[in-house]
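Please keep the structure open as you go.

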Amino acid sequence: MRRVGLAATASYLPERWLPAAGIAELSGIPEAVLVEKFGLRGKHIAADDEHVSDLAVRAAEQLLAEAQVDPLELDVVLYYGSMWRDYAVWQAAPHIAHRIGAANAFALEFDNVSHGTPIALRVARDLLRAEPELRTVLLVAACRESYLLDYTNERSRFMFNFGDGAVAGLLRGDSARNEILGAHTITNGAYSLQVKVPGGGSVDPDGYRFLDVADPAAMKNGLDSESLPNFVAVARGAARRSGVALADVSFVCPLHTKRSMFDALLAELGMRDDQAVYLDDTGHMSGVDSLLGLDRVVRDGRVGEGDLVLLLSAGTGYTWAAILVRVGGAE
């Protein structure tokens with residue numbers, strides 16, 4: 001089977017940073033609660049004129065410059081980030097490809113929101129395996145969902161950690177460098193109508209234009225019992241499909257969650273705090289989180305040759321997803 005490697009990653013965070021104290025002023029939630037329970041020291045906020053395509057282009061250009069890749073070499077540009085893009089009915093991927101000069105690439109786009117990274121890596125890996133003539137796929141994801149928050153709406157308070165940023169990843173076929181291994185995904189569509197922007201679609205074109213939760217108590221009660229087992233199940237599934245044991249995993253890059261869920265997840269995985277990245281300076285950024293975490297820990301030297309890194313996410317739908325990457329290896 002054709003090997004596929006993650007040749008490079010890069011990220012971009014907007015200049016403006018909103019500290020926990022500022023979020024406390026907007027929301028009425030005490031700063032100490034935001035820091036200790038939400039796990040949020042602060043988050044980045046896009047400029048008023050900085051949209052999803054702009055964020056994604058900044059991350060993509062950073063990757064291409066650092067990896068010294070000619071954009072004309074790209075075969076596919078795949079956008080998988082926030083569904084709230086520059087325009088309501090519109091695809092970001094072709095626009096991003098055009099702006100970075102990827103004239104030979106075809107554009108691909110799908111909406112997998114917060115569980116996006118493991119699924120995007122899985123889709124891109126399988127695309128390169130299925131079509132040998134394709135050599136490179138550029139993944140890009142961005143989030144600007146801080147602008148979808150109504151801090152007066154208590155139903156949506158668990159989303160007050162949403163921030164803005166972007167990430168990019170370059171996949172190469174016939175490469176064992178940072179090889180992408182097995183993946184596993186679980187979906188429970190019973191929660192599919194819980195989290196949404198109620199207005200703007202065909203059901204209610206002129207309705208509420210911010211993120212909302214239909215029934216917070218029902219969602220919390222259901223996910224409190226289901227999330228942790230499903231996180232562990234997809235992690236075990238990804239390990240099994242990679243031909244390794246979960247105990248062999250060296251590091252985990254999860255999406256940003258409240259601190260108690262993060263601690264419980266590490267305990268269930270049998271991992272220590274120093275074996276995981278916690279994005280308390282960015283908050284949650286839709287599908288960006290786990291690839292941003294991998295980008296950070298590789299740059300910081302926290303993972304090394306041969307380490308198995310688990311990328312773990314979950315999101316609206318409700319879907320839990322995991323994939324493994326083996327750091328290092330030959331080109």
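This is a predicted model: local features need pLDDT of at least 70, side-chain atom pairs count only at pLDDT 80 or more; totals for chains, interfaces and linings use all residues.

Helix α6, which spans residues 216–242, and helix α7, residues 259–269, have axes that come within 10 Å and cross at roughly 45°. That angle makes α6 oblique to α7, and the crossing is right-handed. On the α6 side the contact is made by Ser-227, Leu-228, Phe-231, Val-232 and Ala-235, while α7 brings Met-261, Ala-264, Leu-265, Glu-268 and Leu-269. Sorted by class, the contact of α6 with α7 has eight nonpolar residues, one polar and one charged.

Now turn to helix α3 (residues 52–67) and helix α4 (residues 92–100), whose axes lie 10 Å apart and pack at an angle of about 45°. Here too the term is oblique, for α3 relative to α4, and α3 passes α4 in a right-handed crossing. From α3, the residues in the contact are Ser-53, Asp-54, Ala-56, Val-57, Ala-60, Glu-61 and Leu-64; from α4, they are His-95, Ile-96, Arg-99 and Ile-100. By class, the contact of α3 with α4 has six nonpolar, two polar and three charged residues.

How many of the 11 residues of helix α8 are buried? The count is eight, so this helix, residues 289–299, is mostly covered.

Just after α8, Gly-301 takes a positive phi of about 75°.

A disulfide is a covalent bond between the sulfur atoms of two cysteines. In this model the count comes to zero disulfides. Cys-143 is in none, and the nearest cysteine sulfur to its own, that of Cys-253, is 18 Å away. A disulfide would need the two sulfur atoms within 2.5 Å, so the sulfur of Cys-253, at 18 Å from that of Cys-143, is too far for a bond.

Are these cysteines buried or exposed? Cys-143 has 0% relative accessibility and counts as buried. Cys-253 also counts as buried, at 0% relative accessibility.

His-184 lies in strand β8, residues 179–187, and is buried, with a relative accessible area of 15%. Leaving aside neighbours within four places in sequence, His-184 is in contact with several residues, among them Ala-233, Val-234, Gly-237, Ala-238, Arg-240 and Arg-241. Its other contacts include Arg-122 and Trp-320.

Phe-106 is found in strand β5, residues 106–109, and is partly exposed, with a relative accessible area of 39%. Beyond its neighbours within four places in sequence, Phe-106 is in contact with Asp-75, Val-76, Val-77, Leu-127 and Leu-134. Phe-106 and Ile-96 are 10 residues apart in sequence, and their C-alpha atoms are 11 Å apart in space. Glu-154, by contrast, is found in the loop between β6 (136–144) and β7 and counts as exposed at 65% relative accessibility. Its C-alpha atom is separated by 18 Å from that of Gly-283, 129 residues apart along the chain.

## Backbone spots to check

Most residues other than glycine have a negative phi, and most peptide bonds are trans. Which two residues does a cis peptide bond join? They are Gly-317 and Tyr-318, with omega about 5°. Tyr-318 has its place in the loop between β12 and β13 (319–326).

There are also positive phi values to look at. Asn-178, in the loop between β7 and β8, has a phi near 50° and counts as buried at 16% relative accessibility. For Ser-286, phi is likewise positive, near 50°. Ser-286 sits in the loop between α7 and α8 and counts as buried at 2% relative accessibility.

Technical notes
Residues are numbered from 1 along each chain as its sequence is written. Side-chain values use heavy atoms; hydrogens and water are left out. Axes are lines fitted to C-alpha atoms, for helices over the stretch in contact, and angles run from 0 to 180 degrees between N-to-C directions. Helices (H or I, at least four residues) and strands (E, at least two) are DSSP runs, numbered from the N terminus. Angles under 35 degrees count as roughly parallel, over 145 as roughly antiparallel, 65 to 115 as roughly perpendicular and the rest as oblique. A crossing is left-handed if the near helix is turned anticlockwise from the far one by less than a right angle, and right-handed if clockwise. Contact means heavy atoms within 4.5 Å. Ala, Val, Leu, Ile, Met, Phe, Trp, Tyr, Cys and Pro count as nonpolar, Asp, Glu, Lys and Arg as charged, and the others, Gly among them, as polar. Buried means under 20% relative accessible area, exposed over 50%, partly exposed in between (1.4 Å probe, protein chains only).
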